Every structure is written in C-alpha cells, then in structure tokens.
Amino acid sequence: MSNAAFGLPVGRGLLCLIVAGAAWGTAGVAASLVYRTSDMGAVTLSFWRCAAGFVLLLAARLLCPRSRVAGSEPLGRRVLRAVAMGVGLAVFQTAYFAAVAATGLAVGTVVTLGSGPVLIALGARLTLGERLGRGGVAAVAGASAGLAVLVLGNGGASVRPWGVLLALVSAAGYCMLTLLTRWWGRHGEADASGTTMGAFAVTSLCLLPFALAEGLVPHTAEPVHLVWLLAYIATVPTALAYALYFAGAAVVRSATVSVIMLLEPVSAAVLAILLLGERLTAATLVGTLLMLGSVAGLALAEARRTTAEDPVLV
C-alpha cells in the first residue's frame, strides 16, 4: 500500500515528527516545575494531561469538521485501537513522569527515549517481520552497556535504579505505541486526531481511579503558576505533539521515527541543565553517549536500508 493512501505525504510526516520531538522535550521540564510548585503526583499529572488534551482535541474536531476522515471503519476496530493505544500511552506517559520525579529529567528522558528505539527494533522483528541484523545486535549491546554505566557508574547520586526501571517501563509503552501506529498505518489508518482522542479518553479513564487515590486536586502556594504549567503541558507536548506524532509515525518507517525522536532527550537534557540546574556527571555523559550512539547507528542503518528498498519512504 502506498503512503498516499495514508492521507499524508512522507515529507510532511517527517516535519510532524520533528515538531513532535521538540515539543516532547519540553514536557519533562514542565513536569519538573509542576513538582516544584505543588505536591501533584505523576499519576495525577498524567491524568490531567490526557483529560485536558482530549478536551482540546475534541474542541478542535468540532470546530474543524473537515478534519474528520470519511470512511466506514467498524466501531469494534475503532474501540480496539483506542483501548490499545490508550493503555500504551498510559504506561508510557505515567512511568515517564514517575521516572523524572525519581531520577531527574535528563536521565529519565535519555533512558526512556534511548532504550525505546532498541525495543522498537526488537518488537518490529518479532511482530512485523523486520530483520534486526548484525548492526541491530551491536546497537542492543551498546545500549545495554550504556544503561549499565548509567545505573552503576554514579554511586546513586544522579541516577537512581528505581527511576531507571520506571524509564524502561515507559520505553516499553512507547514501543507499543510506535509499533501499533505503524501497523495501523500500513493498513490505511489516517485519522490521527481521532486516534489521539481515543487514546487520551482511554488513558484518562484508566488513570482516574489512581489519580483520585493520589489526590486529584494538588496543594500549591502558586495556583496561577500551576494552572499555566498544566495548560502548557496539555496543549503543546500533549494535544499538539501526539496528534503530530501519530500522523507522522503512520507514514514514516520506525527507524526514521527513532532518529527524529532523539530530538526529545537532547532538547530535554539541554533544558534541564539551563533551566533546572541539573548536572550531568561523567558516568551519565558516557552512558548517554553509548545509548544514543548505539540507537542512532541502528536507526541510520535502517533508514539507509529503507532508501534502498523505496526512496520515497525517507
């Protein structure tokens, strides 16, 4: 099936992913500021992020009915897609925010987005029939070495194993989202806003009981500041970024997606140092370089293979 059938040119898909990656890089910074401003927990933050993002996308869909994709897709398939994407998003997002709270923005983001593409490569081999190859095996080994350096090389000062574990759980949710988006994209799924809305609705329902237990309304001495932070999180790195991500990931190969999404840990790490005063130790830097180098090598190899098979794809 050609990419034209997906309703979005590949060039525009790449642009969507670039903007989404840059926007995602600001989510962790905003989450860290939320934690400093209030006693809001990771689950509650995820709930409000998805619930508000759903409302924003619903309003946009009602105001722009032409954005709806015409078709007669069975209701059962739409529900199944929404549930699957919603569960993956709930795991990805909540575990990520918990990792940021446990081990810091830079490390939490680098582990999540650094190991995610490796998991995607393995998952694509098992579920989509893509061969990993010797370069892929080397990338997995390099990323594993990077994780070992991150966890064991800092004496527990900058990197906490519990936070790294949460980041790996988040990466598993990210892997699920990417593989499902690509699979449905191959089958002609083009309604990015509908997919995003369904995922947000399911995620909000999944998180609501836990958010109630954690405390749905946080205590803060700066309510206006907190509201502005939550509004930003719901708008830019959520409603906008996820809609762009689902649109782009449906038409761009996962290897290329992995390269572009490395914009997030890079931008997040820079913002953490500039705005939050976080410091990368030598071990963290070495582990980060090992992980990102391994993943970038794997993604670039896959991108070159895609170009050889079909120059239109990348």
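Trainee: Hi! Where do we start, and what share of the contacts with a separation of 6 or more comes from residues 24 or more positions apart?

Mentor: Start with that share: 90% of those contacts in the protein join residues 24 or more positions apart. Keep in mind that this is a predicted model.

Trainee: Okay, and how many helices and strands are there?

Mentor: The protein has twelve helices and zero strands.

Trainee: What percentage of the residues is buried?

Mentor: Of the 314 residues, 53% are buried. As for the accessible surface, that is about 13600 Å², and carbon and sulfur atoms account for 72% of that area.

Trainee: Let's go inside. How many residues does the largest nonpolar core have?

Mentor: That core has 36 residues. Those with the most contacts inside it include Trp 24, Tyr 242 and Tyr 245.

Trainee: Which elements give two or more residues to this core?

Mentor: Among them are helix H1 (10–24), helix H4 (75–103) and helix H9 (223–249). H9 gives the largest share, with seven residues.

Trainee: And what lies apart from that core?

Mentor: Another core, of 18 residues, and Val 29, Met 40, Ala 42 and Leu 105 are among them.

Trainee: Back to Trp 24. What is Trp 24 in contact with, leaving aside neighbours within four places in sequence?

Mentor: Its partners include Arg 49, Phe 92, Tyr 174, Tyr 242 and Glu 264.

Trainee: Oh, cavities! How many of 30 Å³ or more are there?

Mentor: Two. The second largest cavity holds about 60 Å³ of space.

Trainee: New topic: Ala 234. Which helix is Ala 234 in?

Mentor: Ala 234 sits in helix H9.

Trainee: Is Ala 234 buried or exposed, and why?

Mentor: Ala 234 counts as buried because its relative accessible area is 3%, and the cut-off for buried is under 20%.

Trainee: What does Ala 234 touch, not counting residues up to four places away in sequence?

Mentor: Ala 234 touches Arg 49, Ala 52, Gly 53, Leu 56 and Ala 239. Take Arg 49: along the chain, Arg 49 and Ala 234 are 185 residues apart, but their C-alpha atoms are separated by 4.9 Å.

Trainee: Thanks, I'll go and find that pair!

Terms used: Residues numbered from 1 in each chain as written. Predicted model: local features only at pLDDT ≥ 70, side-chain atom pairs only at ≥ 80, totals over all residues. Heavy atoms only, no water. Helix = DSSP H or I, 4+ residues; strand = E, 2+ residues; numbered from the N terminus. Buried < 20%, exposed > 50% of the residue type's maximum accessible area, 1.4 Å probe, protein only. Contact = heavy atoms within 4.5 Å. Areas by Shrake-Rupley, 256 points an atom, 1.4 Å probe, with all protein chains shown as cover. Core = buried A, V, L, I, M, F, W, Y, C linked by side-chain atoms within 4.5 Å. 1 Å grid on protein atoms, 1.4 Å probe; cavity = no way out; pocket = protein on both sides within 12 Å on 5 of 7 lines; lining within 4 Å. Points joined across faces, edges and corners; volume = space filled by probe spheres on them.
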